[in-house]
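Thanks for coming. I will go through one model today, chain by chain, and then the cores.

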Amino acid sequence: MSNQSVIKMGSEAKGPLGKLRVTLARRTEGRAVGLFIIIATVVTLTQPLVFTAYQVTLGRIALIGLVALGLTAVILMGELDLSVASTLAVSGVIMTVVANETNILIGVLAALAASVVISLINAFFVAIVGINSFIATLGMLFALRGFALVISDEQPVKLLNVEFGIAFGQPILGPLTPRILIFFAVFILLQVFVTRVRVGREFLAVGGNRQAAYDAGIPVKRRIFTGFIISGGVAALAGVINSLERTAADPTAGSTVLLASFAAAIIGGNYLKGGKGSIVGTLIGAASLGMLQVALTISGVQVPVQEIFIGGILLIAVITDPSSLRAVWGSINTVIQGLKNSRAK
Amino acid sequence: MRKSRLVLAPAALLSAAALVLTGCATEAEEPASTGSTTEAATEAEAETFNVYALLPQGSDQAYGTTYLPQMEAVAAELGINLTITNSQYDADKQASECEIAVAARPDGIILWPAVGDAVRPCLEAAAAAGIPVTVTNSDLFDADKDLSRGFSGPDTYGQGVASAEIMCDIVGDASVNIIQLNGSIGNSTAIDRDNGFTDTIAANCPNVTILDEQNTDWTKATAQQVASEMITAQGLENIQGIYAADDSIAAGAIDALEARGVDAADYFITGIGNTFMGNPLVAEGKLDGTVFQSSSWDGGNAVRLMHSVLTGAAGAERQLLLMPSVKVTMDNATDPSVAPEW
């Protein structure tokens, strides 16, 4: 049965449309592009403000997408980093506390340094001790949440240099704020790293077949350490940006970031078991999700309904995976064949 | 081809649903003018305002389930097209929603701060765009108040005062030792209620001694644990009463007492909220008194305040619309006027 479908796809690949369809199906981000086009069309028809106030939409995409970009580094290797939400919170608090005592630059460096330590601990438990990354980073998620509350004395920490924080949230290049520019800079750096740099390219090999990666001489443990440092570092950067823009660090921040980041990565076609995915896909996933969220917010749709939409988009992203489709189609055929056989008897 | 259908069908279905939903939202925003005269239509148009309500909760929380319907009902009555957001107490999400609201250029923004310290950039952006902001439920910090046109919501200090007055009334002239269970550390409502309670106890009934005070996270479970530890530390025989900053906390403290094999009705206990959890305890006599906080009053008056600002009925000065702190004791606990709302 599966042979039949392969022949069909081949025969339909004739002509520019067929070729485009096959290309979209082959690329991991192909389905993400399809979803993006559908969402963009619906949003254009119903809420044009999403595009006319594009700097606001870009800001929302950057808010969701920054953490998702870093997260993609570990997802490509088949690992998870649930601690990004707490890393974001604790980094914001560290930056603000240190900046209030010294200056903002030292505060930012302290936050990034803390994220490296957090990432090394995560990677140690995953790569050296061999604990499942879901469990190891779940523990870190709780531990860091508590740590953020302890060092902030369980209350938001106000940034003393309020003027700098307010200025940081203003556009500096046309309508683009530092958050949006940093987001695109991180995207370009990670895209180049994962596609052009050997170490980055090996992330996919580690995620695809770990034993084969070992056999090929790839230092898998070192790659896991690198992936977690990228994931934690980018989450810390997001925490620093959030705290500067809000002129305060909230120790409970990041409550909605974790799921949104994973959603962006999954919508972007990244395979949670690793070996399949791309940074471009995550960017497209974040853009789809950001546009949808802004449109639903403008429409006044309440959070539970918004969650139904985001869940629906996620489900579509998952079930339209070619292997899932093959499985579904195979099951349907089995049922039909069973019915035919029972009638024949 | 079949695969394409499988891919496109759910996506198209979702898109259609989104179209219907956003279309519904747009439809609801349009005033019903069919059949009215030109003058009436012009008048109705002149009285219609577009307002964003940036809230940290909605129908996903007990308070919001009665806050929102009243807010929407009053908005419909006053000709206000409301767009309501819910940041789920995430300051970053609320900041993003504020950017969207400012970009949409509404006539006004009603703000319930998710995190009080983090709203200044939002207030400044609204001020720069000439959009008036009123605050609901939790007021701003003093340094930010000049960026808003008013506040409506519970008088959190007054609630602490009312709870203390109930305590003073039931204690009388007796010398009593109590323990105090506050809300979460740094929370402005917890701080205001604490100040209102302790100031009033010191002024009205100095015969009440506060042996110890501890913070909770507003939940019954944590309150029970904290109260139990405080009872152990102070000795059950030395404690005659408990002040709880919230009815859920009071319920936890009552459970902690009863776990020691004593009857909570024998103790002087006051709370705040008159919630679905607190009101029955008052009726049973386990909780001596609480203070009514009406979520429907809160939601409705948030819109009324904004309407008065937009129509110019409010003066140039910052407006304050404080919820009356009605005391609820066993005498009036079953009155329909103080029926719990959340």
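Chain A has 345 residues, and 52% of them count as buried, where buried means under 20% relative accessible area, exposed over 50% and partly exposed in between, with a 1.4 Å probe and protein chains only. This is a predicted model, in which local features need pLDDT of at least 70 and side-chain atom pairs count only at pLDDT 80 or more, while totals for chains, interfaces and linings use all residues. Residues are numbered from 1 along each chain as its sequence is written, chains are lettered from A and ligands numbered from 1 in the order in which they are written, and side-chain values use heavy atoms, with hydrogens and water left out.

Chain A contains 17 helices and two strands; helices (H or I, at least four residues) and strands (E, at least two) are DSSP runs, numbered from the N terminus. Of the chain A contacts with a separation of 6 or more, 77% are between residues 24 or more positions apart. Contact here means heavy atoms within 4.5 Å.

One helix pair in chain A next. Helix 11, residues 198-208, packs against helix 13, residues 220-246, at an angle of about 105 degrees, with the axes 10 Å apart. The axes are lines fitted to C-alpha atoms, for helices over the stretch in contact, and angles run from 0 to 180 degrees between N-to-C directions. Helix 11 of chain A is therefore roughly perpendicular to helix 13 of chain A; the cut-offs are under 35 degrees for roughly parallel, over 145 for roughly antiparallel, 65 to 115 for roughly perpendicular, and oblique for the rest. Helix 11 of chain A contributes A:R198, A:V199, A:E202, A:F203 and A:V206 to the contact, and helix 13 of chain A contributes A:V220, A:R223, A:T226, A:G227 and A:I230.

Now chain B. Of its 342 residues, 51% count as buried, and it has 11 helices and 12 strands. Residues 24 or more positions apart make up 76% of the chain B contacts with a separation of 6 or more.

Helix 11 of chain B, residues 295-311, has 17 residues and reaches 25 Å from its first C-alpha to its last, close to the 24 Å expected at 1.5 Å a residue. That expected span is 1.5 Å times one less than the number of residues. Because 13 of its 17 residues are buried, helix 11 of chain B is largely enclosed by the rest of the structure. Just after this helix, B:G312 has a positive phi of about 85 degrees.

B:L287 sits in the loop between helix 10 (278-284) and strand 10 (289-292) of chain B, and counts as buried at 1% relative accessibility. B:L287 is 33 residues from B:I254 in sequence, with 8.1 Å between their C-alpha atoms.

Last, the cores. A nonpolar core is a set of buried Ala, Val, Leu, Ile, Met, Phe, Trp, Tyr and Cys residues joined through side-chain atoms within 4.5 Å. The largest has 101 residues, of which A:L289, B:L54 and B:I109 touch the most other members. Helix 5 of chain A, residues 54-75, supplies the largest share of this core, 12 residues. A second, separate core has 42 residues, including B:M167, B:V208, B:Y243 and B:I249.
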